[in-house]
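Hi everyone, thanks for making time.

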Amino acid sequence: MTEKWENNEEIKIFREYLRIPSVHPNPNYEPCVEFLRRQATDLGMDFSVFHPVNDKNPVVVLTLKGSDPSLPAVMLNSHMDVVPVFPEKWSHPPFSAHLAADGKIFARGSQDMKCVGMQFLAALRAFKKDGVKLKRTIHATFVPDEEVGGKLGMAKFVHTEDFRALKVGFSLDEGIASPTDLYPVFYGERSIWHVYFKCSGTPGHGSLLHKNTAGEKVRYLVDKLMDLRQHEVKRMENNPELLIGDVTTVNLTKISGGVQSNVVPPLLTIGFDIRLATDVNHDDFLEQLKHWCEEAGGGIEITFEQKEPPVPKTDLDDANIFWVAFKSAIDEMKLSIRTQIFPGGTDSRYVREIGIPAIGFSPMNNTPVLLHDHDEFLHADVYLRGIEIFRKIIGKVANC
């Protein structure tokens, strides 16, 4: 029953890539590099490897020169790394790329995002087969480290001379699956703040009622931040037009401190994952956090594991020729899309930060959202349909 998919060359290539366990916390990218080197040879593309940070975190670039290399190039970006797995929770080994009888391909990375990287190359393979020449140069980039923030990959790469030499004018990157007919299209991202509050207070014996303890300060801050969280929950409940990317999300993620149960500790630390909506003023928000620390009693140090600046959204108007071309392809295929702010973080934020327009799009509709989940899968037919969709999109943006 699976024969029609097993014998498909593009499905074979996709499954081979999925079997490479480039998984955190210690991904080995060398098998990915060698696999991509073979793909470049097959496609007749130039092949380059850059190391913007260190040898363990390569950036691989496959280049197809356009007929007019003076034009800004198109970057087709994907990341090689995938998040950790808990094999005992999977129906099939997570790096087996198991093809089920109903066409589902089970593997870590099947949705996030080895699918998109291989669909990009499959679209270019189709152009080659049909003798299609594209006007703009295409760079298919495969980067490391995205799943843990991109600091060893795209975040550094965009500031190198090697990147500037690519002359990138537009980037296509990952989106997310959709359980409905709609395809989400992402043109911006919230700013990620991973913030810690180190609350110092009066220590002492647990049988007494000391004043100005670390626990009291923790309680005050948790109340304030959870009230903000509830406010954003209510906003979404009261306005069905709002999506998760339109609001600020607040989640308590870490609590640490204390030495034993009968000792009031001198220090307790709480950590929050905060994603600031694009309309939030960062300076004002930081001042609000500082004000709450003072109200809690002072003696609180704010530190950041991650504190991203506001990044401009990609303009979706007639002045953006790449958006016009993208939308033209979507309309010709009669696809239903919804433009929105990405709920998480992708490498597109680093590209937009240096002024390059970027769109996030993964052609996976009528598909449950399983990125980072157990039993992540993508149906073979959805994957193959995605190749045709990217073929139309890439053709439009590369020739605009």
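Let's start inside: the largest cavity is lined by Gln111, Asp112, Glu174, Gly175, Ile176, Ala177, Ser362, Met364 and Leu371. Before I go on, this is a predicted model, where local features need pLDDT of at least 70 and side-chain atom pairs count only at pLDDT 80 or more, while totals for chains, interfaces and linings use all residues. Residues are numbered from 1 along each chain as its sequence is written, and side-chain values use heavy atoms, with hydrogens and water left out.

Now, what do I mean by a cavity? On a 1 Å grid over the protein atoms alone, a cavity is a set of points where a 1.4 Å probe fits but cannot get out; a pocket is an open set with protein on both sides within 12 Å along at least five of seven lines; and lining residues have an atom within 4 Å of a point. Points are joined across faces, edges and corners, and the volume is the space filled by probe spheres set on them.

By that rule there is one cavity of 30 Å³ or more, and the largest cavity holds about 30 Å³ of space. Its lining splits into four nonpolar, three polar and two charged residues. For those classes, Ala, Val, Leu, Ile, Met, Phe, Trp, Tyr, Cys and Pro count as nonpolar, Asp, Glu, Lys and Arg as charged, and the others, Gly among them, as polar.

How big is the largest pocket in volume? About 610 Å³. It has 26 lining residues, and Glu147, Ile192, Arg275, Gly344 and Gly345 are the closest to its centre. Strands S9 (191-200), S11 (249-257), S13 (267-276) and S14 (300-307) each give two or more residues to this lining. Strands here are DSSP runs (E, at least two residues), as are helices (H or I, at least four), numbered from the N terminus. By class, the lining of the largest pocket has seven nonpolar, nine polar and ten charged residues.

The second largest pocket has about 200 Å³ of space. Among its 14 lining residues, Thr63, Thr137, His139, Ala165 and Leu166 are the closest to the centre. Strand S1 (46-50) and strand S2 (59-64) are the elements that give two or more residues there, with S1 giving the most, three.

**The sheets**

S9 and S14 pair over seven bridges, and lysine 198 has glutamate 301 in S14 as its bridge partner.

S5 (residues 104-106) and S17 pair over three bridges, and phenylalanine 106 has phenylalanine 377 in S17 as its bridge partner.

How values were computed: Two strands pair if DSSP finds at least two bridges between them.
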